[in-house]
Amino acid sequence: ARYVETGRLAHAVAAGALCGLALGMVLSALPVFAVLPGMVMLRRPMGWGDRARVALFAGLVGLVAYAATNPYVPYHLLAAARGARTPLTSNVGNSTAFYSAGRPVEGALNAARLAVAGTSPALAAVGVLGLVVLGARAVRHRNDASPDAVRRRAHGLLLGLPALLTAAQAALVGAGKPGEFGRFLLLTDVFLAVEAVALIHTYLRVTGVAALAYAAVLGWTAAGGGRYAAGFARDAKPQTSRLAAAWSIEAGRRAGTIRRVLVTAEPAPYAAPPVNLFDLPVVLVPKGTDPATFAAPGDAVVSVDEGGTPISWADKPVRVATDR
């Protein structure tokens, strides 16, 4: 946004570096690089050649920042180029297997459900309304070159681009994913919160009405957040269903009655109990298969309920089923 306002190359370089650092924290942050072409498109006046050069240079800075904070990645890429099988190859293969694209409609519905869970129904609804209304407003005033208008467009559009791409990314790979997958929608959740507040602030000029709107949206959101906080507090107790399930599986392993652990979520939910991986294989039940029919003698089927806090791993009811 600073680059859009000033056109200074230092701001473009800083934006590129921050994009690289975000990608270095988690690969799902890749949509943040949409900020770079977005900022040069919003900068006026500017020729197309200059736009391309600035965006490419900022992107290169981002890649350097990523490589500097994750030096093992270029190291293993060079080794792989020489034909060696590296841990990076295995890691990318596992991630590709977990997050392959498919069933986008089902994924979109699941992503929408988790975005509502990550914000609240009220905040999500007002945020989507804000996205539509403020987006239409930005189109109507696109030729307004006043400093306030430029700043408002820059902040809104540059946050919206990666947020919407993050939602699209989640829709592509989100079909059948458990509640913990909702953490990948954090940027989208933040964007909806910003749009909700901006909508109320922009259009509700009457102080009392605005205060009521803020109270309704924030109160509903705080209630959901309170459930998550209470869940973490309950999960801090010495005994939880997750730990009870872990001890049950370990006792069965020692007695010889449990020889495999079956899980039904892909990737396995973080709420699943800890398992002795050196002595017990963990098997993912194939999609569309009833775990009860898939299980063999000596199998323990682990299932986790999402409950009222689907995105969190804490305080989830965990069940272990053994028929034999």
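Valine 263 stands opposite leucine 284, a residue of strand S2. This position belongs to the pairing of strand S1 (residues 260-263) with S2, which runs in the parallel sense over three bridges; two strands are taken to pair if DSSP finds at least two bridges between them. The model is predicted, so that local features require pLDDT of at least 70 and side-chain atom pairs count only at pLDDT 80 or more, whereas totals for chains, interfaces and linings use all residues. Residues are numbered from 1 along each chain as its sequence is written, and side-chain values use heavy atoms, with hydrogens and water left out.

The secondary structure of the protein chain comprises 13 helices and four strands, assigned as DSSP runs (helices, H or I, at least four residues; strands, E, at least two) and numbered from the N terminus. Roughly 75 × 65 × 35 Å is the box filled by the C-alpha atoms along the principal axes. Of the 324 residues, 37% count as buried (under 20% relative accessible area; exposed, over 50%; partly exposed, in between; 1.4 Å probe, protein chains only). Among contacts (heavy atoms within 4.5 Å) between residues at least 6 apart in sequence, 67% join residues at least 24 apart.

The four strands form an open sheet of mixed pairing, ordered S2-S1-S3-S4. Its edges are S2 (282-284) and strand S4 (318-321), each of which pairs on one side only. From one strand to the next, the twist averages 30°. Helix H12 (residues 241-255) packs on this sheet, where H12 touches S1, strand S3 (299-304) and S4, and the direction of H12 makes about 20° with that of S4.

Axes are lines fitted to C-alpha atoms, for helices over the stretch in contact, and angles run from 0 to 180 degrees between N-to-C directions. Val73, His76, Leu77 and Ala80 of H5 meet Pro87, Leu88 and Thr89 of H6. By class, this contact has five nonpolar, two polar and no charged residues.

Within H5, the buried residues are Val73, His76 and Ala79. Viewed down the helix axis, these fall within an arc of 125°, so they line one face of H5; the arc refers to the directions from the helix axis to the C-beta atoms. The buried residues of H5 pack against helix H4 (48-69) and H6, while the face turned away from the buried side carries the exposed residues Tyr75, Leu78 and Ala81. Just after H5, glycine 83 adopts a positive phi of about 95°.

Phenylalanine 191, in helix H10 (residues 186-203), counts as buried because its relative accessibility is 3%. Beyond residues up to four places away in sequence, phenylalanine 191 touches Leu131, Gly156, Leu159, Gly160, Ala163 and Leu164. Valine 26 is located in the loop between helix H2 (9-25) and helix H3 (35-42) and, at 36% relative accessibility, counts as partly exposed. Valine 26 and phenylalanine 184 are separated by 158 residues in sequence and by 9.6 Å in space, C-alpha to C-alpha.

Terms used: Ala, Val, Leu, Ile, Met, Phe, Trp, Tyr, Cys and Pro count as nonpolar, Asp, Glu, Lys and Arg as charged, and the others, Gly among them, as polar.
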